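Please read them with the structure open beside you.

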Amino acid sequence: MPFGSSGQASLPPVAQHDEHLRQSAWRSICVNLRPIFVVTTKHFPSPRVFVVYYGVTNRHASLNLNHHGETMPPIIPISDAKDYVGQVVTVRGWIKRKTGKGKLLFLRVRDGSGIFQAVAFRPTLGDELFARAKKLTTESSVILTGEIREDSRAPGVPGGYEMDVRDLEIVQIAAPYPIAPKEHGVEFLLDHRHLWLRSDRQWAIQRVRATVIRAIRDWLDDHGFLNVDTPILTPAAGEGTTTLFEIDYHGTPAYLAQTGQLYNEANIFAFGKVYCFGPTFRAEKSKTRRHLQEFWMVEPEIAFCHLDELLEIEEQFVSYIVQRTLRERAEELALLGRDTSRLEQVVPPFPRLRYDDAVSMIHEAAAAGVTVPPKDEPLPPLPWGEDFGAPHETYIASQFEKPVFVTHYPTAAKAFYMEPDPERPEVCLSADLLAPEGYGEITGGSERMSDPEKLLAAIRREGLPEDAFDWYLDLRQYGSVPHSGFGLGVERTVAWITGIKNVREAIAFPRVLGRIRP
RNA sequence: UCCACCGUAGCUCAAUUGGCAGAGCAGCCGGCUGUUAACCGGCUGGUUCCUGGUUCGAGUCCAGGCGGUGGAGCCA
């Protein structure tokens, strides 16, 4: 029962102690979006308010009743504090930081929804409660009741509102907290990731991530894509066998999926436009700011789709994700210190650049002695046919205001299933989307090979196990069509939008090379 | 796998040519009515990553190992 009372089926009467409590009750009723019916009676047995309700959402204040069925101040999330100025409310959370000045204590409190300051003043709180408040340590859990007031000096998210504490209940006094409000090393923070998540910065990043994921699903669901998820335990590689995590499948070797794409290709023949979304696994020995062993990827796949249509889908999709996040997570991005001016420009169309032209740009830049951040090392030359290194990606991306598509990579440098350009088979109908500001490749996609003979030849050329791909080849026997798809890495996208330096902060519990705890 | 750098208090870091192991923060005690990583006074806190070597003497020099960070390759 969401009101936090005993859960009994009968409706609790609300005592009408005073005008203030009555207003609090009304207030909590009014903020609930779900239908609520209120009856007042003047006679039975004394003046009472009866509340009829159902389905109260957790997002809003709930009516707070004590054991006697009497109204208590409503329990609110900190994010709603601005709606309760002048009213007495209860907030449940954790102490981020405590500062003070004699008879005055400032408690920075977070509850997951937001951060604000609670002010404990000895003359109004009383000596006993004030002494209790002074005992609070960092990360102690508390239930605070007091009046919300507006004050421009009050810090927080959203700032400008604070609580004048009238009552407090200590749930637990926290042990000395290892993470101090100062700089820490990476190893220490990753060892304490379970606690590090409580920091302002990590809180903001995970809230952005949730919005990015919501935007991904909403856009695809609203554009005719069906979510059909693909297996994580798989019998064969998606793209080569060196980077797979092998597991024991009841005596048979199996692998954690590094892509859902091959299954996506089966699904389009049943559902037309599909996407899968989940964790993928790469056992690469990569220790860079852009790599995780386990990361989340959304992979749309579309039947009857050529490369040019795919690029239009991608630019609409990525723009929507960025613009919606800017709109809904402005406070979090501000907390992270993100300069959003570059992100505001992320709207279709994105520039398109052929691999050939990218190589020419790199040659000219290398000849001119251009250097690339972060170390300002000279741009290395790039022989035609090789894939870009990180400095090449950074340089190309830096030449454009928006994300840029690089298309028509050399066929030999790309995965076996990519369709060669019919006019020029040494390049394929592929496209990578490079994010600005050095965040690298955020999507990779292509038109897929639809001809069964050519696909079989490609599998043999790569030396892949033919029998593992029998069903994949089979797809091309029954109504094969041109089709295309791409994958977008969630952590790289979140890192780019939030402006963080390393993808490991974009996921709650990152799996990086050499680390499996916590 | 390769390259570079790093390892000293719970954390971030000092320690001169090889010569007494130090500070700030956190924690504890006391003070302060508007703090924003407050401030003031006091206290507590050490296997200097490990093993061996050189030396009268090693945090410091040498050898080997372990751990970490960044990058390369590869990738989203």
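1. Two strands are taken to pair if DSSP finds at least two bridges between them, and helices (H or I, at least four residues) and strands (E, at least two) are DSSP runs numbered from the N terminus. The model is a predicted one, so that local features need pLDDT of at least 70 and side-chain atom pairs count only at pLDDT 80 or more, whereas totals for chains, interfaces and linings use all residues. Residues are numbered from 1 along each chain as its sequence is written, chains are lettered from A and ligands numbered from 1 in the order in which they are written, and side-chain values use heavy atoms, with hydrogens and water left out.

2. Eight strands make up an open sheet of mixed pairing, in the order S11-S15-S16-S25-S24-S23-S20-S17. Its edge strands are S11 (226-227) and S17 (352-354), each of which pairs on one side only. Strand S15 (residues 273-281) runs antiparallel to S16 and is joined to it by nine bridges, with Tyr275 standing opposite Pro300 in S16.

3. Within this sheet, S24 is antiparallel to strand S25 (residues 483-489) over six bridges, and the bridge partner of Ser446 in S25 is Gly485. Six bridges also join S24 to S23, again in the antiparallel sense, and Ala435 has Gly440 of S24 as its bridge partner. S23 and S24 form a hairpin with four residues between them, and Glu437 in the turn has a positive phi of about 60°. Seven of the nine residues of S24 are buried (under 20% relative accessible area, with exposed meaning over 50% and partly exposed in between, for a 1.4 Å probe and protein chains only), so S24 is largely enclosed by the rest of the structure.

4. Asp432 deserves a separate look. This residue lies in strand S23 (residues 430-435) and counts as buried at 3% relative accessibility. Its side chain makes a polar contact with the side chain of Tyr409 at 3.3 Å; a polar contact is a pair of N or O atoms within 3.5 Å, where within protein one must be able to donate a hydrogen and the other to accept it, and residues adjacent in sequence count only if both atoms are side-chain atoms. Leaving aside neighbours within four places in sequence, the residues in contact with Asp432 (heavy atoms within 4.5 Å) include Val404, Lys414, Glu441 and Thr443.

5. A second open sheet has three strands in the order S12-S14-S13, with antiparallel pairing. Strand S12 (233-234) and strand S13 (246-249) are at the edges with a single partner strand each, so one side of each has no neighbour in the sheet. S12 is joined to strand S14 (residues 252-256) by two bridges, and Leu233 has Leu256 as its bridge partner in S14.

6. A polar side-chain atom of Arg504 lies 2.7 Å from a phosphate oxygen of RNA strand B, and an N or O atom in the side chain of His184 is 2.5 Å from a sugar or linking oxygen of the RNA.
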